[in-house]
Amino acid sequence: MSTVVLDKVTKVYPGGYLAVDRLSLRAEDGEFLVLLGPSGCGKSTLLRMIAGLEEVTDGDLWLDGELANHLAPRATATSRWCSRTARYIRTARCAGNMAFPLEIAKADPALVKERVTELSKALHIDETLDRRPGTLSGGQRQRVAMGRAIVRQPKIFLMDEPLSNLDAGMRTELRMEISSLVRSLGVTTIYVTHDQVEALTLADRIAIMNRGVLQDVGTPGQIYNDPATAFVAAFLSSQQLNLLAATVRTPQNQYVLLDFGPHQLVIPWSDPRAYAISQHTGGQIIVGIRPDGLAPVQESYEGPSFYGRVRALEYHGHEWLAYVECGVPAVAVPEPPDPRQNAHGNEGGGGGLRAMVRRMFGSEPDEHAQQEQVGHNLRDGHHRRADLIVRLGVRPAWRTGDAAKIGVDVTRLMLFKLDGSRIDPPRR
Ligand code: ADP
Ligand code: MG
C-alpha cells in the first residue's frame, strides 16, 4: 500500500509568496497521477514537499497513512526523477550510475548486478551499460536517469518534467515507455508536467493547478469533457477556447435563453442543465465552446446558430480554423488572484499564517471583486468583441469575406459562473 494524501497543504516561501494554497489531493495505491499546470503554478513545490525537500508550511501530508510533514528527504520511500537536475557521475559508466542508489544502500552485489541487467533490458539500454553518460544521446541519458530512479524499487515515484529537455520524437517514444514500465511495476507515481498532451496520454487521473490552487481532479476524459472550471477547459483545449459572456433570460418561462447581444441560443427545459442555468436569470454567465463544437451550416439551417463574416482562415495541416466576426462579447479566462501581487501587499504583516493566507486569498472578497469586474466590463461595453473560432475540418467550406452561418452543438456548451466555476456541477 502506497498512498499519498495531501490535506489542505500550503506552502508560503520566505518573503510571503504563497506557492501552494490549501491543496487537498489523494494519490491511490499504484495510481499514475499527473500534476498539470502552467509554469510557476506550484507543481515542483508540491512535489518537493512530498519528497521531503521542502517544508510544509501548513496542512497535513500523509504517506502510507503516516503523517509525514516533518522535513527529512524520504530517500527510502520515494524516488525523484527530474530532467533539469538529473545528475550523473560522469566518470562512471551507465551500469555504475544505475547501480549507485543500491550501492550506497549497501545492497548485495549479486542483487545489484541482477537488477541493473534486468532493468537495462526493459529500458533498452543494455547495449550502453559500458559507456559513459557523456557519450549517450539525450534519450539514452534519460533512460539511465529513469533506471537510477527505479532500481531501488521505491514505493512512490516522483517525476518532475522528465521529458521536457527532449525533442518531440524522443518525448513520444519515452512517454510510451514510462507508461508501460511504471504500470508494469505498479508503483504509485506522481508525474509533473505543463504539457496537456503528456497529461492526457499518461495519466490515470489528472490534478490541474493554477496559481497554487487546485482547479480540478479527474480522469483525462472527465477533465477534458466535463471540466470543473473555465481555466481547466481553456488549458486543455488544443485550439483556443471560445469564452463568451451571456445574459440568462427565461422569457415567459418557456425555455432558457442565452443572450449574447446580437445572437441568442435556446436551451429547452428538457436539457438537464436548464434548471441550473435558470438560477442565473437576469444575471451574466460565461459560456465556453470549443472550435469543434461549432460547424458551418446552410443558410436554411434552423437549429441553434450564430452568423457573421469570415475574417480569416488558418491552415493547421490536419484541419482549417475560421475566425468569424460575430459581434459576440468575449471574456478572458477567470483566474485566482496572482499571489505575486498579493505577496508584496502583505510584506511585513503579522497575525499568523492563517490570517496571512486569508488576507492574501480571502475567497469571498476576491470572488466579488472578480464578478464586479466582469459585470462592470459588460455593463460598460468594455469587453472585447472577439472572433468566434470555428473548426472546418480538412476542406474549408468558407472563403475569407464570406457570410457565415455557424451551427452550435448545444450539448457541448460549457457553462460557468463569472468566477470560472461550473454552473452545472461536473460529474466525478
Ligand atoms: P512550477 O513547478 O509549477 O513551475 P514552482 O513550484 O517551481 O512552479 O514555483 C511556484 C512559484 O513559487 C513560482 O512563482 C516560483 O517563483 C516560486 N518559488 C519557487 N521556489 C521558491 C523559493 N525557494 N523561494 C521563493 N519563491 C519560490
Ligand atoms: Mg517545476
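**Entry 1: two helices.** I began with a pair of helices in this predicted model. On the H4 side I found Gly139, Gln142, Arg143, Met146 and Ile150. They meet Met170, Glu173, Leu174, Glu177, Ile178, Leu181 and Leu185 of H5. How do the two axes run relative to each other? I looked up the axes of H4 (residues 138-150) and H5 (residues 168-185): they come within 11 Å and cross at roughly 15 degrees. Angles under 35 degrees count as roughly parallel, so H4 is roughly parallel to H5. I also noted that the crossing of H4 past H5 is right-handed.

Entry 2: Next I turned to the nonpolar residues. I remembered that nonpolar side chains in soluble globular proteins tend to be buried together. The largest nonpolar core here holds 38 residues, and Ile178, Tyr191 and Ile208 have the most contacts inside it. Where does this core lie? It lies between domain 1 (4-230) and domain 2 (231-416), because both give residues to it. Apart from this core I found another, with 31 residues, including Leu265, Ala274, Leu294 and Val310.

**Entry 3: a closer look at Ile208.** Leaving aside residues up to four places away in sequence, I listed what Ile208 touches: Leu36, Val213, Leu214, Gln215, Asp216, Ile223, Phe231, Val232 and Phe235.

**Entry 4: the whole chain.** Last, I stepped back. I counted 12 helices and 20 strands in the protein chain. The chain has 428 residues, and 49% of them count as buried. For contacts between residues at least 6 apart in sequence, I noted that 70% join residues at least 24 apart.

Definitions and conventions: Residues numbered from 1 in each chain as written. Chains lettered and ligands numbered in written order. Predicted model: local features only at pLDDT ≥ 70, side-chain atom pairs only at ≥ 80, totals over all residues. Heavy atoms only, no water. Core = buried A, V, L, I, M, F, W, Y, C linked by side-chain atoms within 4.5 Å. Buried < 20%, exposed > 50% of the residue type's maximum accessible area, 1.4 Å probe, protein only. Domains from an automatic or database assignment. Contact = heavy atoms within 4.5 Å. Axes fitted to C-alpha atoms, helices over the stretch in contact; angles between N-to-C directions. Helix = DSSP H or I, 4+ residues; strand = E, 2+ residues; numbered from the N terminus. Parallel < 35°, antiparallel > 145°, perpendicular 65-115°, else oblique. Left-handed = near helix turned anticlockwise from the far one by under 90°.
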